[in-house]
Amino acid sequence: MKLSIKSLVGPNIRSLRAYSAKEIPCSVKLDANESPYGFEIADKILKSIKTNRYPDPEAKTLKKIIAKNLRLNPENIVFGNGSDELIYYLITVFGGPVLYPVPTFSMYGIISQALGEKRIEVPLDDEFDLDTDRILSLIKKEKPGIIFLSSPNNPTGNCFSSERILKIVEFASSLVTRHSSLVVVDEAYQPFSSEKGFLPMLNDYKNLVSLRTLSKIGFAGLRVGFMIADKEIINEVNKVRLPFNLNSISQAVAAELIKNLKTIKLHIGLITSERERLLNELWKIRGIKPYPSEANFILFKVKNSDKIYYRLLKKGVLVRNMKDVVNGCLRVTVGTKQENSIFIKTLKEVMK
Ligand SMILES: *Cc1c(COP(=O)(O)O)cnc(C)c1O
């Protein structure tokens, strides 16, 4: 008899599919919300790394620099190998059900399923904002362990109304009615947003967590994400965190490169002004409906989205096909001025 590996795997894993992050050959890569601007690593940084020693398990140097930049207490920060890893840890610690609006970032659902936790998906309203009534009643009924709110939201690009977010946070912190859940505001795209984000609110709500990442601002290859939360929450996450989750190279390189605050801010400024130009250009193309964005990407609706996706790719322009998440939509990351112009020109050609 042949041994079936599938029979050894739990049912929650059996029905999962591996996250497809294939490398698709292209000349203009606008599919993964990366920054088009990278940084050069000086030889002296690489030479300082001791390959035979384990990395600092607390990433103290990097933590201090980030805490200073964001005016935080280092004790309120914990790092992940990308914020994806922190999503994993948070669900491991706080458990399900896991509630999130849809469409949103796919990892909340994938990791919940991998960990065997129940998922509660609540459709966004017509403006891509939170359906607060529905969410509050589900908090009451299902008592989720954790709620994920990506703001700005991937892939829709908008920020959720902060009053609605705070209403959810307040409702989910009610000790009297025992509806308490952790609320994680995933602020991966906050640096591109005109809103100030949730860091200033963390002191007021103990069940509120902010998730951040360096991935979208020029350091996706380093895999550095971090979480800002109450010390007690940090302490719980540290119990499940793998001790050396942030490697020495990422720690050393991030600590050095993050000092280039001026350049990072300059890049963010270039990206947000290109985003507005791109949005204007998209509006002018017949048959395209772009959605406004507070992030470094734009979602747009187009008839025959599959066909347009493949026609763009054939001409070397890679965007993200969102058909599984928002039917009929494609998502384009804001690139350099030149890349964006090629994208617009190619899109006009393939729309003819
Ligand atoms: C890209 C993204 C992340 C993951 O970032 P990493 O730090 O690279 O793991 C988290 N949340 C959202 C909403 C994202 O779009």
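Author: What follows starts at the ligand and moves on to salt bridges, cysteines and a surface patch. The model is predicted, so local features need pLDDT of at least 70 and side-chain atom pairs count only at pLDDT 80 or more, while totals for chains, interfaces and linings use all residues. Residues are numbered from 1 along each chain as its sequence is written, and side-chain values use heavy atoms, with hydrogens and water left out.

Now the oxygen atoms of the ligand. One is 2.6 Å from an N or O atom in the side chain of Tyr-189. For Ser-215, an N or O atom of the side chain is 2.6 Å from a ligand oxygen. For Lys-216, the distance from a side-chain N or O atom to a ligand oxygen is 3.0 Å. Taken alone, the ligand exposes 390 Å². The protein buries 93% of that. Such areas come from the Shrake-Rupley method with a 1.4 Å probe; for residues, only the protein chains shown count as cover.

A salt bridge here is a side-chain nitrogen of Lys or Arg within 4 Å of a carboxyl oxygen of Asp or Glu. Helices (H or I, at least four residues) and strands (E, at least two) are DSSP runs, numbered from the N terminus.

How covered are the two partners? Asp-84 is partly exposed, with a relative accessible area of 27%. Arg-223 is partly exposed too, at 29%. The scale is simple: buried is under 20% relative accessible area, exposed is over 50%, and partly exposed is in between (1.4 Å probe, protein chains only).

The structure holds 21 salt bridges. Another joins the side chains of Asp-129 and Arg-164, at 3.7 Å from N to O. Asp-129 lies in the loop between β4 (119-123) and α6 (132-142), and Arg-164 in helix α7 (residues 162-171), so this pair ties together parts that are 35 residues apart in sequence. Asp-129 is buried, at 11%. Arg-164 is partly exposed, at 29%.

Arg-275 and Glu-276 form a salt bridge as well, with closest N and O atoms 2.9 Å apart. Arg-275 is buried at 8%, while Glu-276 is partly exposed at 36%. Elsewhere, Lys-29, Asp-31 and Glu-34 are linked in a network of salt bridges.

Next, the cysteines. The structure holds zero disulfides; the test is a pair of cysteine sulfur atoms within 2.5 Å. For Cys-159, the nearest cysteine sulfur belongs to Cys-329, 18 Å away. Cys-159 is buried, at 16%. Cys-26 is partly exposed, at 29%.

Last, the surface. Leu-3, Ile-5 and Leu-8 form a nonpolar patch with about 350 Å² of accessible area together. Patches use residues with over 30% relative accessible area and no salt bridge; like charges are joined within 9 Å, nonpolar side chains (Val, Leu, Ile, Met, Phe, Trp, Tyr) within 5 Å. Leu-3 is found in the segment before α1 (11-14) and is exposed, at 63%.

Technical notes:
Polar contact = N/O pair within 3.5 Å; in protein donor to acceptor, adjacent residues only side chain to side chain.
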